[in-house]
2 protein chains.
Amino acid sequence: MASESTEGRTPNPKDGRVSGNQDAPRKRSPGQGPRGAARFSSSSDRTSADIVYEKLHGAIASMELLPGTPVSELTLTREFGVSRTPVRAALQRLAKEKLVEIVPKSGTFVGRIPVSGLIEAIVARRALEVMIVRNTVDRATPDDMTYLRDQLARQRMLADRGELAPFHAADEAFHAALATMAGYPGIWDIIRTLKIQVDRYRQLTLPQEGRLEMVIREHTAVVDAIEAGDADTAARAMEEHLDKLQLDIEVFGQDHPEYFIHDRAVDDQV
Amino acid sequence: MASESTEGRTPNPKDGRVSGNQDAPRKRSPGQGPRGAARFSSSSDRTSADIVYEKLHGAIASMELLPGTPVSELTLTREFGVSRTPVRAALQRLAKEKLVEIVPKSGTFVGRIPVSGLIEAIVARRALEVMIVRNTVDRATPDDMTYLRDQLARQRMLADRGELAPFHAADEAFHAALATMAGYPGIWDIIRTLKIQVDRYRQLTLPQEGRLEMVIREHTAVVDAIEAGDADTAARAMEEHLDKLQLDIEVFGQDHPEYFIHDRAVDDQV
DNA sequence: TATTTGCAACTTGTATACTAGTTAAATCTC
DNA sequence: GAGATTTAACTAGTATACAAGTTGCAAATA
């Protein structure tokens, strides 16, 4: 990896682009200019690979595509009307998130849910969100509190109507908001990636009676503690909230053993 | 994302592959068969894309390639003697780790170090490792303790000899070992990914006198607390150890502002 | 009938040609 | 000479052809 920059292409110091800030990646203002008219420049940045990726990502995350299902490049090619190149790009992105498994010269399959990864995801999420909520206590503004209360109200409404998917989205938004308020939006991205595998698993379990109401109560407890400025209580409330996730696990390969992989993965070197 | 499996390709139930475990990804035992002769099947699984990826990853992580440096696909093509396809695959993997920035139709550049990401990485790492070390207290076996003591001895030796790079590797191994002992090797993978950006930054700062000895002292304090079965002390020792990382930050764009990006990134939707 | 062997139809990995967009330098205009 | 405009040389995204390996069925053999 010697040169790359001191090499042939940029010989003269004048237009030598090495590490010059004027020559850094030029930022383009994407399609979010004047907010009203998104005309035709809005979706322009989404490449074919992006579209395939997002569609597959959603289908795998929602368990619409079940673990082990083959996802052949050729089939996707026909399905999306694009060539193999963007399809492959999408699949390789998904492979990095362990949402698909690519077996060279053999096939590509919807990723099986890693059991050990599930446990680690829950543990890691709890550690991160407890830390986040502690920081939220100090940093949340009055506007933030208003937003959180509005979110709680929205959750109540969705729960009453029994709209599960929107409720799930609102739940995510709630936790994401806490992370943002704490000043750690990037950490929420990490959590979200971890969460996907857990969410996939939970699609397999029956929704428990009254769970939504319980979630709202726990969310409310967190918000109350934040508003009271009580970090310890907020942390404990969040910990208890997330601990509920562990309960209905334990029955892993009971019904669908083929959806899971029990390996203590060795091939992990990203 | 309707079918993919109930679709044309696998019509008859007999060889319908949907979610059948017999049809799950066939595990190949890679080049590690009879351990002696790896003949020519050993390196066969590493594709060209893997090689390019690993080489670039190392060069970027070690700051051999500085932020903002253009990494043209064509140049890499010539450098590695492969076509654009594997080069692009490698770059797209790196883009997902934010180690390169791909600007469509314009160029690909070594990723600038995200300042906000640095802070979040340190905070997240601390939360995770403190949680990990608490779990280590309960789960570490006598063999584990022996291993940790050996690691400490090795660190002392490397520090005495002033071998910085091996010391850094030993430091990583120490933390990775704690995570494994706690039962969360996957969480270490997350931490490692976070750590890369921090490591890149630290390459820019001068190594402080006596820092290695301090690190060893702190590591020793952690191990002592684990051996004593004192989770609180172990957690506090780890927290203090990792807090040291924050200290010499603050002087961000001082010398090399062009290496950093201060955005509160909006384009984040992996 | 049970076993082996070979082949045919898949799969992903790679190379390459082409498209469309960007950028900066060179040229033209005033 | 200064500024606006054209243009040529880049860039990454995509399509497609080919190479190499895997898999499972089918036919041949015992």
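Trainee: Why is A:Met63 called buried?

Mentor: In this predicted model, A:Met63 has a relative accessible area of 8%. The cut-off for buried is under 20%, so A:Met63 counts as buried. The residue lies in the loop between α1 (48-61) and α2 (73-80) of chain A.

Trainee: What makes B:Lys98 partly exposed?

Mentor: The relative accessible area of B:Lys98 is 38%. Partly exposed covers the range between the 20% limit for buried and the 50% limit for exposed, and B:Lys98 therefore belongs to that class. B:Lys98 also has a positive phi, near 60°, without being a glycine. Its place is the loop between α3 and β1 (100-103) of chain B.

Trainee: Why does A:Thr136 count as buried?

Mentor: Its relative accessibility is 0%. Since buried requires a value under 20%, A:Thr136 qualifies. This residue is part of helix α4 of chain A. Apart from neighbours within four places in sequence, A:Thr136 is in contact with A:Leu178, A:Met181, A:Ala182 and A:Ile226.

Trainee: How do you know that α4(A) is mostly covered?

Mentor: Of the 25 residues in α4(A), 20 are buried. For chain A, buried residues make up 46% of the 270 residues.

Trainee: How do you know that the length of helix α6 of chain A agrees with expectation?

Mentor: Helix α6 (residues 164-182) has 19 residues, which at 1.5 Å a residue should span 27 Å. The expected span takes 1.5 Å times one less than the number of residues. The end C-alpha atoms of α6(A) are 27 Å apart, so the two values agree. Helix α4 (residues 115-139) of chain A reaches 36 Å from its first C-alpha to its last, close to the 36 Å expected. Among the buried residues of α6(A) are A:Leu178, A:Met181 and A:Ala182. A:Gly183, with a positive phi near 95°, follows α6(A).

Trainee: Why is α3(A) called oblique to α3(B)?

Mentor: The two helices, each spanning residues 84-96 of its chain, pack at an angle of about 45°, with their axes 10 Å apart. That angle makes α3(A) oblique to α3(B), because roughly parallel requires under 35 degrees and roughly perpendicular runs from 65 to 115. The crossing is right-handed.

Trainee: Which residues of α3(A) and α3(B) meet?

Mentor: A:Ala89, A:Gln92, A:Arg93 and A:Lys96 meet B:Ala89, B:Gln92, B:Arg93 and B:Lys96. By class, the contact of α3(A) with α3(B) has 2 nonpolar, 2 polar and 4 charged residues.

Trainee: At what angle do the axes of α4(A) and α7(A) cross, and within what distance do they come?

Mentor: The axes of α4(A) and helix α7 (residues 185-202) of chain A cross at roughly 140° and come within 9 Å. The crossing of α4(A) with α7(A) is left-handed. Among the residues of α4(A) in this contact are A:Leu118, A:Ile122 and A:Leu128, and the α7(A) side includes A:Trp188, A:Leu194 and A:Tyr201. The contact of α4(A) with α7(A) divides into 14 nonpolar, 1 polar and 3 charged residues.

Trainee: How many helices and strands does chain A have?

Mentor: Chain A has 9 helices and 4 strands. Along the sequence they follow the pattern α-α-α-β-β-β-α-α-α-α-α-α-β. Among contacts in chain A between residues at least 6 apart in sequence, 72% join residues at least 24 apart.

Methods
Residues are numbered from 1 along each chain as its sequence is written. Chains are lettered from A and ligands numbered from 1 in the order in which they are written. This is a predicted model: local features need pLDDT of at least 70, side-chain atom pairs count only at pLDDT 80 or more; totals for chains, interfaces and linings use all residues. Side-chain values use heavy atoms; hydrogens and water are left out. Buried means under 20% relative accessible area, exposed over 50%, partly exposed in between (1.4 Å probe, protein chains only). Axes are lines fitted to C-alpha atoms, for helices over the stretch in contact, and angles run from 0 to 180 degrees between N-to-C directions. Angles under 35 degrees count as roughly parallel, over 145 as roughly antiparallel, 65 to 115 as roughly perpendicular and the rest as oblique. A crossing is left-handed if the near helix is turned anticlockwise from the far one by less than a right angle, and right-handed if clockwise. Contact means heavy atoms within 4.5 Å. Ala, Val, Leu, Ile, Met, Phe, Trp, Tyr, Cys and Pro count as nonpolar, Asp, Glu, Lys and Arg as charged, and the others, Gly among them, as polar.
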